[in-house]
Amino acid sequence: MVAASLVGTALEWYDFFIYGLAAALVLGDLFFPNASEPVQILASFATFGVAFIFRPLGGFFFGRLGDRIGRRSTLVMTTLLMGFATGIVGLLPTYETAGVLAPILLVTARICQGLGAGAEFGGASTLLAEHAPRGRRAYYASFVQTGVQLGLLTGTVAFLLVQLLGTDAVREWGWRLPFLASFVLIFVSLYVRLRVAESPVFLAMERDRTIVPSPVLTTLRRYPRSFLVGVGAHVCDTAVVYVYGTFMITYLVNEEKQSRAVALTGVILFSLVVIALQPVYGALADRIGRRPLNLFSVVFTAVFAVPLFLLVDTGEPVVIWLAMVTAMALGFAPMIAVQPIFYAELFGAGVRYTGFAASREVGAVVSGFSPLVAAALLRAGGGSPWLVAGWIILTALVSLVAFLFSRETRDIDIAAPTVGSPRPQLPARPGPPAPAGVPHRAGAH
């Protein structure tokens, strides 16, 4: 079960992350060639951020389906949507071939990616959390985030290998290869997803006929505090992963004059460390709770934001890599290891998929444009990164407030019914036998 969830999630997020890497490395020149280099970067990061506007829509739409028809069936749908949208990017004409139609098609594909991504993580986390034994839920659910980081790692490795083709080959056709690979990965992901059993919690709701008829409205009416906490909780980690994993590549190459290999190696190194730490932090969350790790991670992220750029600005590759690994290992990794179970425990069983996916993805909108914001702040600061560090600190403070208002949920019953959900519809007890010659009325007691 864990292996299947991990592989499926890794393949899904490979699709999502390779777009961010392509936006940092090649898309600006290919789809916005008439602009200056800084404007190309801003434009490509803007298309990257478009998906975050549509992720909440995907969260509400597919989350509702997940609470109505099942977690597994909905994940199959998001797999198909995400995979085909990513593969199509590799087939798109560039501006040189199709003119203004090229960036329009690029944005359309990115919108479809956003809709699929809006429910992928919430569904995978919900499914695994509802399968996990009590007392080990955080440990098992943390493997969903391991899958996300594997997606980032494999996407980065794919672009690192593509760089070996040479600059001209990458620009002409090589950049398409990581996207086209998604057509193959679709079938692998589907095979894995179809082998995962449906959630026992959802099957129990089907059996007892307690499925919530309107999960979106029920979430907003019955869980307003949890929804707002979920929104704020996702602001910091979204900003961190896309500033450090996407914007940082552009910063290192254009401002620090490092090679693309140095920048991509930094991302690979911190991805490996984060992957190794996910089950460690998950097990720790089962021992000390979700709240302490969440609070520590955002405080460390805020405190280390300025030292990170001081170390990066030394220009020494080893120091750069050490700074990136430290920022992610102590700031980012604890937060995201706890995230799958933290969100799953915020909401009752009948609206868990909806509440999880929708609140998390609304939070993603707030800081999903972080690469664009960071690039704009870098220009505003004349190439100095301190405004970018200030943005990281601001997002950390937003998530800190959310975690301060959260409750510890380590000991809740994850199968508990949703507040205000229908009661189990038990079969009617048979009434006393009717006297001879008197027909027994159906339903009479």
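In this predicted model, the domain assignment divides the protein chain into domain 1, residues 1–198, and domain 2, residues 213–418. The C-alpha centres of domain 1 and domain 2 are 18 Å apart.

**The interface between the domains**

Contact between the two parts involves 64 residues of domain 1 and 66 residues of domain 2. About 5200 Å² of area is buried between domain 1 and domain 2, and carbon and sulfur atoms give 70% of that area.

Polar links are also found here. Across the interface of domain 1 and domain 2 there are 17 residue pairs in polar contact, with both residues at pLDDT 80 or more. On the side of domain 1 that touches domain 2, the elements that give two or more residues are helix 1 (2–25), helix 3 (37–68), helix 4 (71–89), helix 6 (101–131) and helix 7 (137–163). Which helix gives the largest share of this side? Helix 3 does, with 22 residues. Sorted by type, the residues on this side of domain 1 are 36 nonpolar, 18 polar and 10 charged.

**Salt bridges**

The structure as a whole holds 12 salt bridges, and the count between domain 1 and domain 2 is 3.

**Aromatic pairs**

The structure also holds 18 aromatic pairs. One of them is formed by Y139 and F143, with 5.3 Å from centre to centre. The planes of Y139 and F143 stand at 90° to each other, and the pair is edge-to-face. Y139 and F143 are both in helix 7; because they are 4 residues apart there, about one helical turn separates them. Helix 7 is also among the elements that give two or more residues to the side of domain 1 that touches domain 2.

Definitions and conventions
Residues are numbered from 1 along each chain as its sequence is written. This is a predicted model: local features need pLDDT of at least 70, side-chain atom pairs count only at pLDDT 80 or more; totals for chains, interfaces and linings use all residues. Side-chain values use heavy atoms; hydrogens and water are left out. Domain bounds come from an automatic or database domain assignment. Contact means heavy atoms within 4.5 Å. Buried area is the accessible area (1.4 Å probe) that two parts lose on being put together, summed over both. A salt bridge is a side-chain nitrogen of Lys or Arg within 4 Å of a carboxyl oxygen of Asp or Glu. A polar contact is a pair of N or O atoms within 3.5 Å; within protein, one must be able to donate a hydrogen and the other to accept it, and residues adjacent in sequence count only if both atoms are side-chain atoms. Ala, Val, Leu, Ile, Met, Phe, Trp, Tyr, Cys and Pro count as nonpolar, Asp, Glu, Lys and Arg as charged, and the others, Gly among them, as polar. Rings of Phe, Tyr and Trp (its six-membered ring) pair if their centres lie within 6.5 Å; planes under 30 degrees apart count as stacked, over 60 as edge-to-face and the rest as tilted.
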